[in-house]
Amino acid sequence: MAGRVAIVGVGQTHHTSRRDDVNLPEMVGEAVRAALADAQLSIKDIEAFIFSNMEAFEGIILPDHGMIAEVGAIGKPGLKVTGGGTTGSEAVGEACHLVSAGLYDITMVVGWQKHDCGDATAGISAAAVPTAAKGMVVGAVSEFAKQALSYIRQSGAREEHAAMVRLKADRCACRNPYAHLKLGLKGLEDYLKSPYLVWPIRLLDFCPQSCGACVVVLASEERAKKIHKKPVWVVDFEVAHQEPFSAGSFGDPTGTETYSQDVAAERLYKRNGITDVRKQVDLAEIYEPSTWEEMSLYEHFHFCEKNEGWKLIEKGVTEIEGEFPVNPSGGVIASNPIGATPVIRIAEAALQIRGDAGEHQVTRDVKTAIATALGGPNWTAMFLLKRSL
Amino acid sequence: MAKVTEKLEGMDVWVYHGQIYIPNTYSAGAVGSRFLIELRDNKKIMGTRCPTCNRVYVPARSVCKDCFGELSEWVEVSQKGTLLTYTVAYQSNPIQPVSTPIVYGIVQLDGADTGLVHMLGEVDPAQLKVGMKVRAVFKAKKERVASVLDIKYFKPLDQNNPR
Amino acid sequence: MSEGSPTKKAEGPEYIRIEFDLPRRYNWSTGRYLGKVYAEAKENKKMVAPRCPKCKQLWARPPSPVCPKCKVDMGWDWVELPLTGTIFQYTYQVYPLWDPHEGERWSNPHPPAIILLDNGIYFRHLLEETDTKKLKEGMRVQAVWEEDYEKRGQGFQDILYFRTIEE
């Protein structure tokens, strides 16, 4: 990137399944005010807005148009990004482009989803081209069911491992005041009681539909140093798209297809001289729609060798106190307001770098972090954040 | 719903007639709910006031557009107001609350600084004039459900009998 | 049309939620390539796929005017697909979820599967067998067509499902 960009403020709402006490614009406004307070800026300082939302999942059109007053954007420039699961990260990427190009000094990314308005599974099922895939796709759940089956076949992972992933996510979520699902799961028995949605995906294997918003404020190098004591530098990011494969976007049966995760990771790591992720990076906030996918992502992002993702979870490497913490916030499995989720990954990684994550702050000192996003049909966005340049 | 695929004349191309049906629920939120509940329970039209800008918003809202301030002061506004503008819709559409022709108007109630979009009734559209005085007509209590349609319509104030 | 539907909780303030149901209707054209698949299925009970002139791969579902691998024009070289194969992978829905095409919550009893056709192509479709205990990866299956000509013209759905066959 040309000019340097830093995150100078983050704000989130407390993610939950239903918010009757606010309308949609008001909910988003809460996160905006929280981010402004964190950055110690006034709304007047924000020069441009990037909105991030999947409106189809709320069953309405152009919700951003109705919230300009609540977000404080009246008369200001901005744009909206709608890109599936990766929406939020592409929005942050756009905001970085605008600041880096010198067009604006301070931009705000506003990501939200109020799932109690609509139904995300319905929205995703509607995305399947009706003439080719109707009846085959049951939201994202069926796609990740296929992924789970392929992963089990290739790696030998078992249900106990999926349970361990969920238990870790829940332990982390219980320490994160903003997380949605804080279930207090005790062990494998709790996991096995969970009903199947689309076999072998259980209710506990899959991310929820949450109501929430997350906002990050980005500033140019010159302004960032004056605004916040601890700016978090967005050093680099990469986005890779992928076509749906002949038979499975997330779990390729032939074992020969290239995944967008591999492409994005390879490019990002090469550009930044990362050859040993677990040594050179201190933390990852990854976008895992299901427990099985988390194990698979460990492999794609080179946290471990192929087919060994389940071993990392077995050994506790990715816990908050672990050697290489992943998703100390609870991850997508604990909170998933889709339009905001990738923004939350970036915001949480930034909090960890600042040392401001409170109870879910990891033991390892975080100087460098990765935040990723995943969207159908398996697009990947990866961000590299650093404490100092 | 019948899923129909229809072949186009003279070529191997089909058109699929589909639907995207995703249910939507709108939450009015605390402020919006109070506005609607006051209509239903007390036949009152309430607004919120920004002390910095001295503006009263009707329908009530929680944020001031100009200063970004959070609003918490509630004010009752008059049931009477001025007709700022109006139009007549002749074309039917499933979203409409009543059948066509519908006379829509924007009314600035006395005490409010914003216009309220609603319908006009008991009037021949040809008699309407921008600037005329109108008053709200509410539905009967058992028909009121905490909706903006609890106000049935606005009707012109009779010059001889301005009640 | 929308109605105010107050949600009264046992304690606490009353919040208003308004339900709004308006199915969005649309028309979707198959275009030439998918249209060819529709035509062959309707008229001849055949499933065809285009073959890329460069990599020679078949792109069955859906057929693409540009080869996803080579990025060249697909051309018009159509190959008939054998409609027998083995179950490579299958799953089944347990929990009824909202279907936006139908406008209701339901659970399709027919398991969606990836079928490895006898020519090496992976083809996604439904299985006839609703008793999942009888299913196993590797079982031989065969397509079952909609026999009524008038009812065909639904493209891939002209094949109702794949039936397990004894061999």
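This is a predicted model: local features need pLDDT of at least 70, side-chain atom pairs count only at pLDDT 80 or more; totals for chains, interfaces and linings use all residues.
Domain bounds here come from an automatic or database domain assignment.

View 1. Chain C is divided into domain 1, covering residues 30–81, and domain 2, covering residues 83–167. Taken over C-alpha atoms, the centres of domain 1 and domain 2 of chain C are separated by 21 Å. Where they meet, 12 residues of domain 1 of chain C are in contact with 13 residues of domain 2 of chain C. The domain 1 side of this contact has eight nonpolar, one polar and three charged residues.

**View 2. An open sheet in chain C.** Follow the strands across this sheet and you will read the order 10-9-6-11-12, five strands with antiparallel pairing. Strand 10 (122–126) and strand 12 (159–164) of chain C are the edge strands, each pairing on one side only. Direction ignored, neighbouring strands of the sheet are turned by 45° against each other on average. Strand 6 (residues 84–90) and strand 11 (residues 140–145) of chain C are joined by three bridges in the antiparallel sense. Look there for C:Thr86, which stands opposite C:Arg140 of strand 11.

**View 3. An enclosed strand in chain A.** Eight of the eight residues of strand 10 (residues 368–375) of chain A are buried, so this strand is largely enclosed by the rest of the structure. In a regular strand the side chains alternate between the two faces of the sheet. Here A:Thr368, A:Ile370, A:Thr372 and A:Leu374 point one way, while A:Ala369, A:Ala371, A:Ala373 and A:Gly375 point the other way, and all are buried.

**View 4. The partners of strand 10 in chain A.** Strand 9 (residues 283–285) of chain A pairs with strand 10 of chain A in the parallel sense over three bridges, and A:Glu285 has A:Ala371 as its bridge partner. Strand 11 (residues 379–386) of chain A also pairs with strand 10 of chain A, this time in the antiparallel sense over eight bridges. One of the residue pairs to find here is A:Ala373 with its bridge partner A:Ala381. Strands 10 and 11 of chain A form a hairpin with three residues between them. In the turn, A:Asn378 has a positive phi of about 65°.

**View 5. Two crossing helices in chain A.** Helix 7 (residues 159–173) and helix 12 (residues 291–300) of chain A pack at an angle of about 90°, with their axes 8 Å apart. That angle makes helix 7 of chain A roughly perpendicular to helix 12 of chain A. Helix 7 of chain A brings A:His161, A:Ala162, A:Val165 and A:Arg166 to the contact, and helix 12 of chain A brings A:Thr291, A:Trp292, A:Glu294 and A:Met295. By class, the residues of this contact divide into four nonpolar, two polar and two charged.

**View 6. Chain B against chain A.** This contact takes 17 residues from chain B and 25 residues from chain A. On the chain B side, strand 2 (14–20), strand 3 (24–27) and helix 1 (29–42) each supply at least two residues. Strand 3 of chain B gives the most, with four residues. The chain B side has nine nonpolar, seven polar and one charged residues.

View 7. Strand 10 (residues 133–138) of chain B pairs with strand 7 (residues 80–89) of chain B in the antiparallel sense over three bridges. Strand 10 of chain B also pairs with strand 11 (residues 151–156) of chain B, again in the antiparallel sense, over five bridges.

Note on methods
Residues are numbered from 1 along each chain as its sequence is written. Chains are lettered from A and ligands numbered from 1 in the order in which they are written. Two residues are in contact if their C-beta atoms, placed from the backbone, lie within 7 Å. Ala, Val, Leu, Ile, Met, Phe, Trp, Tyr, Cys and Pro count as nonpolar, Asp, Glu, Lys and Arg as charged, and the others, Gly among them, as polar. Two strands pair if DSSP finds at least two bridges between them. A residue is buried if 20 or more other C-beta atoms lie within 10 Å of its own, exposed if 12 or fewer, and partly exposed in between; C-beta atoms are placed from the backbone. Axes are lines fitted to C-alpha atoms, for helices over the stretch in contact, and angles run from 0 to 180 degrees between N-to-C directions. Angles under 35 degrees count as roughly parallel, over 145 as roughly antiparallel, 65 to 115 as roughly perpendicular and the rest as oblique.
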